[in-house]
Amino acid sequence: MSPRSASVNEELRRRSKERLLQAAVELVGERGYDATTLGDIADRAGSARGLVSYYFPGKRHLVQSAVHRLMHRTLEEALEREPRTPEGPERMARAIDAILGLARDRPVLMRQHMAGLLQAEGFVPCPEQRRLAELLRDTVARHGSRDVDNDYPMLRALLMGAVFAALVPGVPMPVPALRAELFERYRLDWELGVPPETEAPGGTCDTDLSRFFATGAAPGCPPPAGPTDQSDQSK
């Protein structure tokens, strides 16, 4: 058997990371952060346990990367759904609804994510977070900002604060009230985006996350490996 090409090896590594990210989101959403081990994540992903530490410095880094992937893909999907539009107010409304929707539909996962940001290691920069930041910066720019460098951090802070407020145990604020406050700040009509009384395209809480963690093979790449994922252990 001839050796695999560099492009095939790279695709296999990419798919391994995708499966680990998806497994992390699923398990933390089901069990919580503390009850999820790196071994659990590797088992769910069908990967060798050593691969987790090969790709990620630790569990906190992996989970933050996974949640940021879910956030940026959710936001991207909301911004680009049909009918697609370049209009700033509609895109800002879609962005707000996408992030608040995650707090509403995935409370365990998002609560754990927010708690993780307050831990000693705090915010962990990663490629997934940078993609999320790019989408939010573009949203701010399209909304008409003349100072994106200041207005983007403010939008990020407001969204984080709204998610936190929606998830505080015992005294959560209702998402429609938080939406109303953000819409007023950005001077958005209530009918823009996905108002709470309407159903989001594709439903409100899709349990199948695979579209956010694509694992499609590149040309010439073999199909995904089975549960033992022996193909990845050859690195």
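Reader: Is S16 buried or exposed?
Author: S16 counts as buried, at 0% relative accessibility. Keep in mind that this is a predicted model.
Reader: Which helix is S16 in?
Author: S16 lies in helix α1, residues 6–31. Its C-alpha atom is 8.7 Å from that of G46, which is 30 residues away along the chain.
Reader: Ok, new topic. Which residues of α6 are buried?
Author: In α6, residues 107–117, the buried ones are L109, M110, H113, M114, G116 and L117. They span an arc of only 160° around the axis, so they sit on the same side of α6.
Reader: What does Q64 touch?
Author: Leaving aside residues up to four places away in sequence, Q64 touches H113, G116, L117, G122, F123 and V124. Q64 itself belongs to helix α4, residues 59–80, and is buried because its relative accessible area is 2%, under the 20% cut-off.
Reader: How many aromatic pairs are there?
Author: Two. In the pair Y54 and Y55, the ring centres are 5.2 Å apart and the planes are at 80°, so this pair is edge-to-face.
Reader: And those two, buried or exposed?
Author: Y54 is exposed, with a relative accessible area of 53%, whereas Y55 counts as buried at 14%.
Reader: Last one. What lies over the ring of Y33?
Author: K59 lies over the face of Y33, 4.0 Å from the ring centre. The charged end of R60 also sits over the Y33 ring, at 3.9 Å from its centre.

Notes. Residues are numbered from 1 along each chain as its sequence is written. This is a predicted model: local features need pLDDT of at least 70, side-chain atom pairs count only at pLDDT 80 or more; totals for chains, interfaces and linings use all residues. Side-chain values use heavy atoms; hydrogens and water are left out. Buried means under 20% relative accessible area, exposed over 50%, partly exposed in between (1.4 Å probe, protein chains only). Helices (H or I, at least four residues) and strands (E, at least two) are DSSP runs, numbered from the N terminus. The arc is that of the directions from the helix axis to the C-beta atoms. Contact means heavy atoms within 4.5 Å. Rings of Phe, Tyr and Trp (its six-membered ring) pair if their centres lie within 6.5 Å; planes under 30 degrees apart count as stacked, over 60 as edge-to-face and the rest as tilted. A charge sits over a ring if NZ of Lys or CZ of Arg is within 6 Å of the ring centre and within 35 degrees of the ring normal.
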